[in-house]
Amino acid sequence: MASSYPNWHTFRDNAILHSAGEPGEPDASKGCKSGSVGRGWSAWETKSRPLTRHYFLKSLLGSNYAAPIDYPKRILDVGCGTGIWGREMAHAFPDAQVVGFDIEPQTPVSHALEVPSNCLFVQGNALQGLPFANQDFDFTHQRLMVAALPARAWPYVVSELVRVTRAGGWIELVEAADTFERIGPVTKKYMEWWHKLESKTGFDASLMTKLPTLLIKAGLSQVKDRVLQVPLGTWGGRGGELLAKDLHAIFVNLKPVYCSQLKLSEKEFDKALNALPQEWETYQTYFHFYLAYGQK
Ligand SMILES: C[S@@+](CC[C@H](N)C(=O)[O-])C[C@H]1O[C@@H](n2cnc3c(N)ncnc32)[C@H](O)[C@@H]1O
């Protein structure tokens, strides 16, 4: 197992995040009225944020995958969300059949994207097993499911990813965890609340720091992993700015859960929430993503 920190400058300067009109690119000039439609911030928050996240991660990795896949014929994306990863893989591998799997039906934002003829979507619940035959896929991918799968479900879901992948095929996981570097007092406080909430709800983001172990325990070989260290905030350039907005928006959305589960007052929570972005700038905080892949 090898961990490495990619060169941040590759990501920060990557054209993907700077090209005008990229899907998912927020247009601040269009204002931020709540409920507005079009390409303003509000629309970005609700519709395009997942696409921004996709371009962000692709840019960070320099690719849509890291495993040494070789002309896969069948590709599966579990928890595919908008399906943008699968659509791009379908273009990259025109001879392959790509299947996106998600508990939700394809949403309006994803319908607006073109669906290549070699890409299809299947609805289902990964917690109830994958509706695919043994050894059906050459490459199985799962990304950003940390908040979707309770800690106790991870070994089962990974065993399902392994079951539907053929012998010699590859499985790749990309996740966010609960690890930061150079944090200030507000982030520390927020993470204390985070961990209390996790102990009440059965989720455990720290498990994402052990993805290689999960894959090895599931019987995979050639397991490799990477820790992707990303600046949080404008101090890290355009990518850092987008990540900070995304993470902050996720925290904002979780406010009702925090306040009800931890009996926090809205005032106390808002105070911390409002202070986080500036603290990330002041402390030049880093956030981590984790990637691991292995061969069946
Ligand atoms: C944070 S999104 C990640 C989407 C996509 N993988 C990406 O990287 O942009 C998590 C996705 O998992 C889906 N999901 C949540 N629970 C699931 C389950 N039990 N089975 C299948 N999909 C699930 C959600 O509907 C959502 O689309």
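Tutor: Start with the residues that meet: Trp193, Lys196, Leu197 and Lys200 of H6 are in contact with Val257, Tyr258, Gln261 and Leu262 of H9. The model is a predicted one. Helix H6 covers residues 185-201 and helix H9 covers residues 255-262. Their axes lie 10 Å apart, and the helices pack at an angle of about 75°. H6 is therefore roughly perpendicular to H9, since angles from 65 to 115 degrees are put in that class. Sorted by class, the residues of this contact are five nonpolar, one polar and two charged.

An angle over 145 degrees counts as roughly antiparallel. The crossing in which H8 passes H10 is right-handed. On the H8 side the contact is formed by Ala244, His248, Phe251 and Val252, and on the H10 side by Leu273, Leu276, Pro277 and Trp280. In this contact of H8 with H10, seven residues are nonpolar, one is polar and none is charged.

Next, the whole chain. Its secondary structure consists of 10 helices and seven strands. The chain has 296 residues, of which 36% are buried. Of the contacts with a separation of 6 or more, 74% are between residues 24 or more positions apart.

One pair of residues shows what a separation of that kind looks like. Alanine 153 and leucine 127 are 26 residues apart in sequence, while their C-alpha atoms are 7.0 Å apart in space. Alanine 153 sits in the loop that runs between strand S4 (137-143) and helix H5 (154-163). A residue needs 20 or more other C-beta atoms within 10 Å to be buried, and 12 or fewer make it exposed. Alanine 153 has 15 within that distance, so it is partly exposed.

Tyrosine 71 is not a glycine, yet its phi is positive, at about 45°. Tyrosine 71 belongs to the loop between H2 and strand S1 (74-78), and it counts as exposed because it has 8 C-beta neighbours inside 10 Å. Glutamine 222, also a residue other than glycine, has a positive phi near 50°. Glutamine 222 is placed in strand S6, which spans residues 221-231. With 12 other C-beta atoms within 10 Å, glutamine 222 is exposed too.

To return to your close look: the contact of H6 with H9 includes two charged residues, whereas the contact of H8 with H10 has no charged residues.

Definitions and conventions: Residues are numbered from 1 along each chain as its sequence is written. This is a predicted model: local features need pLDDT of at least 70, side-chain atom pairs count only at pLDDT 80 or more; totals for chains, interfaces and linings use all residues. A crossing is left-handed if the near helix is turned anticlockwise from the far one by less than a right angle, and right-handed if clockwise. Helices (H or I, at least four residues) and strands (E, at least two) are DSSP runs, numbered from the N terminus. Two residues are in contact if their C-beta atoms, placed from the backbone, lie within 7 Å. Ala, Val, Leu, Ile, Met, Phe, Trp, Tyr, Cys and Pro count as nonpolar, Asp, Glu, Lys and Arg as charged, and the others, Gly among them, as polar. Axes are lines fitted to C-alpha atoms, for helices over the stretch in contact, and angles run from 0 to 180 degrees between N-to-C directions. Angles under 35 degrees count as roughly parallel, over 145 as roughly antiparallel, 65 to 115 as roughly perpendicular and the rest as oblique.
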